[in-house]
Amino acid sequence: MTEATIIVVTYNSARWLERQAAALAAQTETSWRLVVVDNASEDERPDTRAFPFDVEIIQNERNVGFAEANNIAALDRQTPYLIFLNPDAFPEPGWLAALLQAAKEHPEAVAIGSTQVRHGTPDILDGTGDVLHSTGFAYRSNHGKRGATGPLAETFSACGAAMLVRREAFEAIGGFDGRYFCYFEDVDLGFRLRLAGGRVLQAPDAIVAHVGGGSAGARSEFAEFHGARNRLWTFFKCMPMPLLALLAPLHLAGSILLVSAAPFRGRGFGAWRGFVAGLTGLRPILETRRELQNARKASLSDIAAALAWAPDVFFTRRAVHRKIRG
């Protein structure tokens with residue numbers, strides 16, 4: 001039986017696929033299949049000729065977003081594991097083997113993140129798992145730093161650029177929230193997996209070189225809009241009530257401060273528009289919240305322990321990893 005379905009979503013990013021295909025062809029683990037979903041790219045679209053192995057290509061007639069495109073590709077798959085991989089992420093030969101080994105050795109883990117290094121400068125980390133602060137703000141740990149990644153450990157959520165998710169766990173929570181379109185959808189997924197009682201690990205030996213910003217641009221108004229909106233939605237949808245009541249004033253104050261500063265940092269008013277859109281679109285998110293919190297299996301203390309609380313993390317971007325419990 002094939003172990004994993006690797007899913008790659010493209011939008012104006014077909015230029016990366018030949019190099020990525022070569023990296024996948026070099027994997028020491030061979031029990032996988034590749035599905036590429038193109039979100040109605042305006043430039044060159046994926047072609048089977050770019051791949052030295054069999055590939056399934058799904059061509060969307062419109063751009064449904066990163067979150068929903070992944071859901072489309074994951075639908076009705078039978079492999080035990082789903083692997084989500086950005087088109088501008090190039091795995092080292094032992095990447096998939098390391099992810100699968102961690103998954104098999106730790107059945108309590110429903111998702112496992114990769115170690116991301118910067119494309120072209122592999123001594124600089126691009127991220128070692130996502131950290132969610134108690135106030136609702138997230139960052140990629142160790143982004144831009146040099147040094148060792150540490151042992152296999154628990155992180156809050158796995159970065160969607162290169163992560164493994166158990167298919168049954170993914171299906172049980174309804175996959176990505178398609179309303180997000182893109183940005184923060186991986187933190188939201190990780191939060192919902194945790195609420196359902198799952199744990200998320202970070203694998204140091206599963207290494208990918210990541211370009212970043214390959215489709216939308218890391219600092220575009222588009223990114224600012226979706227990041228601000230989806231961050232607010234995730235906080236109000238996923239945070240258990242005692243923590244929500246305690247931390248909502250800090251989240252809203254921090255959001256206003258952040259979106260107000262964005263224009264002065266040359267990022268336009270996308271973040272402001274996203275924050276307003278998040279507030280005006282909150283009603284259906286709160287309806288989802290009721291269902292999500294009613295089904296919650298994780299204890300309040302489990303969720304609180306998985307969050308970062310120290311204020312220094314916003315400046316240091318240090319990892320907040322927990323040792324794996326026996």
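**Cavity, cysteines and aromatic rings**

The structure holds one cavity of 30 Å³ or more. The model is a predicted one. A search of the whole structure finds 14 aromatic pairs.

**Cavity**

- The volume of the largest cavity is about 30 Å³.
- Its lining is formed by Thr115, Thr128, Thr149, Gly150, Pro151, Gln202, Ala203, Pro204 and His321.
- Strand 12 (residues 199-210) gives the most to this lining, with three residues.
- By class, the lining of the largest cavity comprises three nonpolar and six polar residues, with no charged residues.

**Cysteine sites**

- Cys182 is located in the loop between helix 4 (167-172) and helix 5 (185-195).
- Because its relative accessible area is 11%, under the 20% cut-off, Cys182 counts as buried.
- Leaving aside neighbours within four places in sequence, Cys182 is in contact with Phe66, Phe222, His226 and Asn230.
- Of these contacts, Phe222 is 40 residues from Cys182 in sequence, with a C-alpha to C-alpha separation of 9.7 Å.
- Cys159 is placed in the loop between strand 10 (153-154) and strand 11 (162-166).
- With a relative accessible area of 11%, Cys159 is buried.
- Not counting residues up to four places away in sequence, Cys159 touches Gln116, Asp130, Arg140 and Asp186.
- The C-alpha atoms of Cys159 and Asp188 are separated by 11 Å, and these residues are 29 apart along the chain.

**Aromatic pairs and cluster**

- Among the 14 aromatic pairs, Trp16 and Phe90 form a tilted one, at 6.0 Å centre to centre and with 55 degrees between the planes.
- This pair links distant parts of the chain, 74 residues apart: Trp16 is in the loop between strand 1 (4-10) and helix 1 (17-25), and Phe90 is in strand 5 (residues 89-91).
- Both Trp16 and Phe90 are buried.
- The ring centres of Phe170 and Phe176 are 5.6 Å apart and their planes stand at 75 degrees, so this pair is edge-to-face.
- Phe170 is buried, with a relative accessible area of 4%, and Phe176 also counts as buried, at 3% relative accessibility.
- Phe170 and Phe176 belong to one aromatic cluster with Phe66 and Phe84; Phe66 is also in contact with Cys182.

**Arginines over rings**

- Arg19 lies over the face of Phe90, at 4.6 Å from the ring centre; Phe90 is also the partner of Trp16 in the tilted pair.
- Arg194 lies over the face of Phe156, at 5.4 Å from the ring centre.

Definitions and conventions:
Residues numbered from 1 in each chain as written. Predicted model: local features only at pLDDT ≥ 70, side-chain atom pairs only at ≥ 80, totals over all residues. Heavy atoms only, no water. 1 Å grid on protein atoms, 1.4 Å probe; cavity = no way out; pocket = protein on both sides within 12 Å on 5 of 7 lines; lining within 4 Å. Points joined across faces, edges and corners; volume = space filled by probe spheres on them. Helix = DSSP H or I, 4+ residues; strand = E, 2+ residues; numbered from the N terminus. Nonpolar A, V, L, I, M, F, W, Y, C, P; charged D, E, K, R; others polar. Buried < 20%, exposed > 50% of the residue type's maximum accessible area, 1.4 Å probe, protein only. Contact = heavy atoms within 4.5 Å. Phe/Tyr/Trp six-rings, centres within 6.5 Å; stacked < 30°, edge-to-face > 60°. Lys NZ or Arg CZ within 6 Å of the ring centre and 35° of its normal.
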